[in-house]
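Trainee: Could you take me through one part of this model in close detail? I'd like to hear about the sheet and the aromatic rings around it.

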Amino acid sequence: MTAVAAHSLQRIPSGVLGLDAILDGGFLQGGTYIIAGMPGTGKTILGNQICFHHVAHGGRAVYVTLLAETHGRLLAHLRGMAFFSEEPLASALHYVSAYRVLTGEGLTGLLDLLRKLIREHRASMLVVDGLVSASASAPNELAFKEFIHELNTLVSVIGCTTFLLTNGHSPEDVHPEHTMVDGLIELTDMLIGVRAVRELIVRKFRGSAHLRGRHVFQISPQGITVYPRSEAMLADPIAVPGEYKARALVGVPELDGMLRGGLQRGSATLIMGPSGSGKTLLGLQFLSHGANQGEPSLYFGFYESPPRLMGKGESIGLDMAGAMRGGMLEMIWQPPVELVLDALAVKILSAIRRRGVQRLLIDGLVGFKESTVHPERINRFFAAFTNELRALDVTTVFTEETRVLFGPEIETPVKGLSALVENHLFLRQVEWKGELRRVLAILKTRESGHDPSLREVIINDQGWHVGARFEGKAVLTDSRLPRPPKRRGSGGAKLPARKKPRRTE
């Protein structure tokens with residue numbers, strides 16, 4: 001019993017970035033898995049990528065096609081992929097066409113051929129591409145079920161992990177082969193608006209935990225890359241954030257005083273305001289001060305390139321270039337075109353772990369919103385993402401642009417985010433005595449006091465500064481004193497307005 005249990009738990013990594021994380025480590029040795037999807041979704045690429053990874057790590061594989069396409073044409077398409085290698089062909093990886101055997105001898109002849117190929121090549125992995133052809137060749141449903149059952153028995157006894165590639169079906173359809181195999185992975189390619197999005201769903205994975213739901217994947221010259229859905233992947237943070245004890249100075253003495261000593265280390269702060277209010281410059285001040293203190297810092301943004309940001313920082317006296325040369329600052333610029341939300345999280349977290357980042361500025365949250373094809377995900381995504389940043393003890397500053405430049409209304413692109421952060425700072429430009437002035441307000445600090453006064457923000461070549469407090473009424477809200485009620489008669493009818501007396505000379 002112990003030997004059987006140990007054998008059943010042995011994992012066969014797919015080598016596909018992100019997929020093994022979804023499958024809790026990979027496929028189970030000796031299992032049979034269906035990969036289903038409509039033409040063009042990437043089934044053949046995925047099957048070959050798994051095979052090439054397997055033989056590159058000492059395994060042996062047989063790739064059987066039941067389609068009319070020649071192997072020369074198939075390999076010609078694969079040669080542009082980074083995972084492709086000529087070396088294992090015909091030695092550890094064998095391509096065999098079984099199309100004629102299937103059409104001439106039926107399922108019985110196909111099963112005999114598969115049995116022979118596995119034993120002859122001592123295969124530890126088998127891929128059958130075109131299972132829909134085998135299903136169509138079956139005289140009836142029972143015969144096809146018997147074929148799947150006998151193939152399952154064969155590969156499980158030998159320990160040959162098997163993948164059956166077939167055309168996709170709708171989730172409402174129940175096919176006999178789905179109930180008999182160990183796992184079912186579905187690939188889809190959908191149009192959402194004008195954007196084409198590929199997604200992977202693990203419909204079934206017997207004997208192992210896995211991440212359920214839809215996960216975006218991309219096909220590039222590197223092959224297939226899967227991005228596990230962040231709120232599923234990060235549902236359990238790597239550590240439980242502890243009590244706030246230390247402080248991280250922003251680097252603006254007046255603001256640090258208003259915050260009673262700076263930001264809590266490991267906290268998340270939202271700086272919100274319209275364009276031109278000074279959000280990015282304040283974030284750069286935060287990063288520069290950390291870099292000067294020997295704290296690895298990271299900038300991640302969508303709209304301004306690193307050279308422009310360095311020039312912007314230098315215009316207020318920040319030595320951004322020096323911080324980058326010293327290895328204390330890294331800038332990642334991600335132009336907001338056809339992005340994948342979960343890929344952004346992977347890129348940021350990888351950079352944090354690679355350099356031990358302690359300070360992070362994410363400049364422009366709207367870039368995250370525009371990267372998701374499912375808008376209902378955005379709040380759950382940020383909840384999981386910020387929890388992971390806290391667990392990594394990263395002090396994070398987010399900037400978010402408001403749409404209204406003037407007036408009492410505040411409209412944010414990402415609703416509900418304020419509840420997910422510890423600190424909330426608000427910047428705005430206001431008209432004051434015939435001039436436009438920048439104003440700072442601290443709206444919230446969790447587990448800490450702060451100065452609630454409105455302060456003027458001064459930005460010059462000496463840096464980002466907080467000036468005197470505004471001593472007026474409704475600087476931000478722009479509210480008015482209530483007007484006196486209009487005169488009405490005893491029956492509620494509106495009375496005519498009083499006429500002004502005529503002026504006489």
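Mentor: Here is a walk from the sheet to the core and then to the rings. Bear in mind that this is a predicted model, where local features need pLDDT of at least 70, side-chain atom pairs count only at pLDDT 80 or more, and totals for chains, interfaces and linings use all residues. Residues are numbered from 1 along each chain as its sequence is written, and side-chain values use heavy atoms, with hydrogens and water left out.

The sheet is open, has nine strands and mixed pairing, and runs β5-β4-β6-β7-β3-β8-β9-β10-β11. Helices (H or I, at least four residues) and strands (E, at least two) are DSSP runs numbered from the N terminus, and two strands pair if DSSP finds at least two bridges between them. At the edges stand β5 (93-97) and β11 (223-227), each with a single partner strand, so one side of each has no neighbour in the sheet. On average, neighbouring strands are turned by 20° against each other, direction ignored; axes are lines fitted to C-alpha atoms, for helices over the stretch in contact, and angles run from 0 to 180 degrees between N-to-C directions.

Look at β6 (residues 125-129) and β7 (residues 161-166): they pair in the parallel sense over five bridges. V128 has L164 in β7 as its bridge partner. Helix α4 (residues 71-78) packs on the sheet and touches β4 (61-65) and β5, with its direction at about 135° to that of β5. Contact here means heavy atoms within 4.5 Å.

Now the core. The largest nonpolar core has 41 residues, and F27, Y95, F163 and L200 have the most contacts inside it. Such a core is a set of buried Ala, Val, Leu, Ile, Met, Phe, Trp, Tyr and Cys residues joined through side-chain atoms within 4.5 Å. Helix α3 (residues 43-56) gives the largest share of this core, six residues.

On to the rings: the structure holds 19 aromatic pairs. Rings of Phe, Tyr and Trp (its six-membered ring) pair if their centres lie within 6.5 Å; planes under 30 degrees apart count as stacked, over 60 as edge-to-face and the rest as tilted. F27 and F163 make an edge-to-face pair, 4.7 Å centre to centre with 80° between the planes. F27 sits in strand β2 (residues 27-28) and F163 in β7, so this pair ties together parts 136 residues apart in sequence.

Key: Buried means under 20% relative accessible area, exposed over 50%, partly exposed in between (1.4 Å probe, protein chains only).
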